[in-house]
Each structure stands twice: as C-alpha cells, then as structure tokens.
Amino acid sequence: MNDMSGLPAGQKKVFVKTYGCQMNVYDSTRMEEILAGQGYVRTEQPNDADLVILNTCHIREKAAEKVYSELGLLRRMKDERRAQGAEMVIAVAGCVAQAEGEEIIARAKTVDLVFGPQTFHRLPDYLARHRQTGAPVVETEFPADEKFAELAVRKAVGNQVAAFLTVQEGCDKFCTFCVVPYTRGAEFSRPVAQVLSEARALAAAGVSEVTLLGQNVNAYRGAGASGGETSLAGLVSELSRIDGIERIRYMTSHPRDMSDDLIEAHAANGKLMPYLHLPVQAGSDRVLKAMNRGHTADDYLKLIARVRAARPDMAMSGDFIVGFPGESDAEFEDTIAVAKAVGYAAAYSFKYSPRPGTPAAELARQVPEEVKSERLQRLQALIIEQQQAFNRSCLGRTLPVLIEKPGRHDGQMIGRSPYLQSVNLKISGNKRGKIVPVAITGVGPNSLSGQYVEADSLLSQRNGERDL
Ligand code: 5AD
Ligand code: SF4
C-alpha cells in the first residue's frame with residue numbers, strides 16, 4: 001500500500017548533508033546503509049525528509065557557527081512540515097557534534113539527536129529512544145572499537161567504480177593546531193579480516209578502485225588474520241590479491257609513519273597507485289616544532305626522495321598551513337622553498353585558524369589576517385603553477401584510465417588517471433569500471449583530455465605501469 005508520498009507504507013526519507021573530509025563521506029554512506037535497513041530511502045530535498053542528518057566537520061574556522069546557521073534554516077522547514085502534519089527528526093553528527101555535545105541542544109532546541117563519529121552505528125537505537133520519549137538524545141562517548149565490529153558487511157554501494165574504505169581512525173600525534181585527536185579520538189586500526197571482507201563486498205558490487213582512509217592511514221597496525229600486527233603495506237598486499245580490485249590508494253599519511261615496507265610497496269605492487277598525499281604543513285623547522293610535527297623540512301624532503309627512488313613518477317600532494325602563530329616572513333619563505341623543492345601535483349593550503357581547546361590557539365603572536373591572506377595567495381599561485389606543470393608533463397603520454405562515469409557531452413566519459421587526474425574522453429560501448437589506455441592530448445586547468453587507444457599492441461601493458 002502506498003501513502004501520499006508514493007513510497008511503500010513504512011518507508012521514510014533521509015537527507016544527509018556531509019561536510020569536510022573523505023572520512024565523513026564514508027561515514028555518511030555507512031549511515032545511509034544502516035538507515036536503508038530501517039526502511040529509509042535517500043532524498044536530496046531536506047524539506048521532504050523525515051530525518052535530516054548534518055554530518056559535520058570541525059576543522060575549519062567557524063565550523064560550529066555554520067552548523068548553527070544551517071540549523072536555523074532547518075528549524076523553519078521542520079515547522080512547515082509540522083504544519084502539514086509531518087515530522088522531521090534533526091540529527092547533528094560528526095566532529096562538531098563530538099566537540100559541542102549538549103551545547104548543541106542548548107543552543108538549537110530544534111535538534112533531536114547529537115552523536116559523534118564513533119557511535120553512529122547506534123543510530124537505530126537513538127531513533128527508537130527519541131520516538132519513545134520525545135526527548136533529545138546526546139551521545140558523544142568513545143566506545144573504543146565497537147563501531148566497526150557492529151557495522152554490517154556492506155551490501156549496496158550504488159553504482160560506484162571507486163569507493164572509500166576506512167581502515168584507520170583517530171590520531172595520537174597532537175599537532176598543536178588540530179582538533180582531530182579530540183574529535184576522532186585515539187588511533188585505532190580495523191582488523192585485517194574486517195577490511196578484506198568489506199573490500200570483497202565492494203569488488204563484488206563492481207568497485208575496482210579503493211581508497212583506504214584514515215587520519216593517519218600509514219600508522220595502520222591492524223590485527224592480522226593469523227595473529228600479530230599487519231602494517232599498511234601488508235594490508236595493501238592482501239587487498240591487491242582480491243579479484244576485481246585493480247587500484248589501491250590511501251590517505252592521509254604522516255611523514256613520521258612512512259615506513260620502509262610501504263615505500264617498497266610502491267616499487268613492487270602495480271595496483272598501488274603513484275599518488276601520495278603527505279602533508280608537511282610548513283617549511284620552517286621552528287614552526288614545525290611549534291606545531292609538534294615531529295619532523296624537520298629536511299626529513300620531509302629526504303623522505304620524498306626515497307619515495308621517488310622507489311616510484312619515480314610519484315605524484316605528490318600535501319597540506320599546508322600559512323600564518324601559524326609567530327610565523328615570520330622568512331619562515332613563510334621556508335614553506336615556499338619546500339613547495340618548490342617538491343613540485344606538487346596537487347596540494348591544499350589553509351590559513352591557520354585557532355581551534356578552541358588546541359594548544360596553538362593559546363599562543364601569543366597570532367598572525368594578522370591580511371598577512372595570512374597574502375601568504376595564502378602566494379602559496380596557492382605556486383601550487384596552481386606546479387599542478388599545471390604536472391598536468392602538462394602528461395601530454396603525449398598514454399595513461400591507464402579507469403572509466404568512472406558519463407561526461408557532459410554525448411559519448412563522453414570521465415575517468416581517472418593513476419595520478420588522480422580527471423580525464424575526459426570519447427569512448428563507445430560500456431567501459432565503466434574498465435581500465436583503458438588513453439593517449440593524453442589536452443590539458444585543462446583541472447583535468448586532462450585524451451583519446452582511447454584501441455590498438456591490440458597495448459595488450460601487453462599493465463595497469464599503473466610507468467612508461468605506458
Ligand atoms: N587551521 C588551519 N588549517 C588546519 N588544518 C587542520 N587544523 C587546522 C587549523 N587549525 C589543515 C591541515 C590538515 C588539513 C586536513 O587541515 O593542513 O592537514
Ligand atoms: Fe591533526 Fe596532526 Fe593528527 Fe593530522 S597528524 S590528524 S594534522 S593532529
């Protein structure tokens with residue numbers, strides 16, 4: 001029997017808005033999977049939703065304020081729905097929920113559920129409790145490792161060719177600017193068997209590329225299938241034996257955890273893609289120390305030299321913060337020098353913004369806003385230049401491209417190069433999910449274009465090979 005919404009009776013709609021990093025994207029997908037088991041279907045329209053979830057991020061400036069203003073809009077929608085006899089349960093999840101807790105209910109009475117990233121698997125229980133009592137439910141504890149154990153094996157992943165897979169969470173590094181150790185908790189690695197079974201389910205659903213996620217993914221130390229601990233390199237090696245998984249990526253890595261076996265895996269394992277996101281944050285050793293990074297600029301550059309010795313075509317990516325408290329002009333020049341020495345294929349740069357509760361927020365000598373803006377502009381201009389130079393260096397090469405989705409024009413598809421660039425091409429037949437050789441003929445600001453090379457002569461070439 002259908003109700004007026006056109007949905008089968010008992011079916012409800014959920015709208016999820018995701019902020020921030022890939023891990024939140026992964027968490028949102030898992031929440032949708034849990035809710036699918038409770039009869040919820042996705043909607044892209046918040047005003048049409050019985051349940052709205054804001055999966056929040058706390059890393060940017062004014063993150064909490066942005067959530068509160070979003071909640072103001074939602075309150076109006078909730079009132080309108082109520083006037084029509086429908087309900088809207090509003091949930092705040094993610095890192096702002098973890099950091100603010102009860103404060104959210106105090107400031108935004110419209111909110112029904114507040115839960116952090118470690119307890120979203122209990123969502124059906126929160127909904128039931130809320131339904132029974134009508135009272136808000138707030139859960140911000142850190143129950144060590146129960147979440148992943150309780151998440152069901154993945155069933156539906158939509159129509160994806162590439163998927164995220166969280167293997168590690170949390171951080172013990174305590175960089176002085178960062179909230180992650182407080183919002184995501186201590187480092188925790190999922191056991192190998194659990195990761196493998198999730199990857200097999202993804203492969204069975206048609207996924208060929210997995211990106212292993214973790215705040216400190218290269219610190220991965222998961223319980224091995226036959227006892228002992230497995231490193232990220234060991235995990236990659238086991239994953240690469242799964243039929244259907246053709247490409248493996250991982251992010252984000254910390255320079256301190258870039259172990260020899262992982263560097264070696266880049267030389268030895270053709271399924272491990274030549275793209276490494278390795279944030280340095282700053283180029284001055286004094287600033288790096290004040291950030292509690294545990295490495296110098298020189299350590300970082302030497303590390304990259306070793307990585308490139310193992311995999312000469314490695315595309316480097318990173319994160320930078322400009323205007324950390326006390327950063328002088330000369331110290332900022334050190335950051336520019338590191339960026340120049342590396343030559344990034346991509347990089348993200350941010351103005352330092354104080355996060356309450358972190359040590360750097362208490363430091364005197366905060367850098368004026370105009371200075372931060374100027375520095376950011378200079379760094380970003382350099383990075384864009386480097387990115388374009390990297391893209392241009394692909395011209396004339398034939399790259400293995402994973403075909404992901406239809407492009408804007410008829411007959412056009414969009415795929416991904418080993419270096420994570422988008423590639424536009426014309427290709428007939430259904431090649432979604434296939435890795436095909438593409439001769440790169442054009443370079444745009446953020447993507448490449450090319451031509452599918454059909455020649456049988458390429459049959460001998462393997463995915464990820466350096467000189468295709
Ligand atoms: N201010 C500015 N940028 C930050 N990041 C983390 N915390 C802050 C902060 N307080 C940046 C770092 C990190 C990325 C995810 O966000 O560069 O690597
Ligand atoms: Fe934050 Fe530093 Fe941990 Fe990265 S390594 S999550 S920047 S504390």
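Two residues are said to be in contact when heavy atoms of theirs lie within 4.5 Å. The model shown here is a predicted one.

A starting point is the nonpolar interior. In soluble globular proteins, nonpolar side chains tend to be buried together. The largest nonpolar core here has 65 residues, and the members that touch the most others are Leu 212 and Tyr 344. What is Leu 212 in contact with, once its neighbours within four places in sequence are left aside? The contacts are Leu 165, Val 167, Val 217, Leu 232, Leu 235, Val 236, Leu 239, Ile 248, Arg 249, Tyr 250 and Met 251. Another core, of 24 residues, lies apart from the largest one; Leu 51, Ile 53, Phe 120 and Val 137 are among its members.

Gly 318 belongs to strand E15. Is Gly 318 buried or exposed? Its relative accessibility is 0%, so Gly 318 counts as buried; the limit for that word is under 20%. Pro 46, by comparison, is 272 residues from Gly 318 in sequence, and the two C-alpha atoms are 35 Å apart in space.

Aromatic rings come next. The structure holds five aromatic pairs. One of them joins Phe 174 and Tyr 182 edge-to-face, with 5.6 Å from centre to centre and 75° between the planes. Phe 174 counts as partly exposed because its relative accessibility is 37%, and Tyr 182 counts as partly exposed at 38%.

Phe 174 returns in the surroundings of a ligand. Ligand 2 is surrounded by Cys 171, Lys 173, Phe 174, Cys 175, Phe 177, Cys 178, Val 180, Pro 181, Asn 216, His 254 and Arg 293. Of these shell residues, seven are nonpolar, two are polar and two are charged.

Last come some details of the backbone. Most residues other than glycine have a negative phi, and most peptide bonds are trans. Which bond is cis in this model? The peptide bond that joins Met 251 and Thr 252 is cis, with omega about 0°. Thr 252 is placed in the loop between strand E13 (247-251) and helix H10 (260-268).

Arg 365 is not a glycine, yet its phi is positive, about 60°. Arg 365 is in the loop between E16 and H14. With a relative accessible area of 58%, Arg 365 is exposed. Leu 420 has a positive phi as well, near 75°. Leu 420 sits in the loop between strand E18 (412-416) and strand E19 (422-426), and is partly exposed because its relative accessible area is 30%.

Note on methods. Residues numbered from 1 in each chain as written. Chains lettered and ligands numbered in written order. Predicted model: local features only at pLDDT ≥ 70, side-chain atom pairs only at ≥ 80, totals over all residues. Heavy atoms only, no water. Near = heavy atom within 4 Å. Nonpolar A, V, L, I, M, F, W, Y, C, P; charged D, E, K, R; others polar. Phe/Tyr/Trp six-rings, centres within 6.5 Å; stacked < 30°, edge-to-face > 60°. Buried < 20%, exposed > 50% of the residue type's maximum accessible area, 1.4 Å probe, protein only. Core = buried A, V, L, I, M, F, W, Y, C linked by side-chain atoms within 4.5 Å. Helix = DSSP H or I, 4+ residues; strand = E, 2+ residues; numbered from the N terminus.
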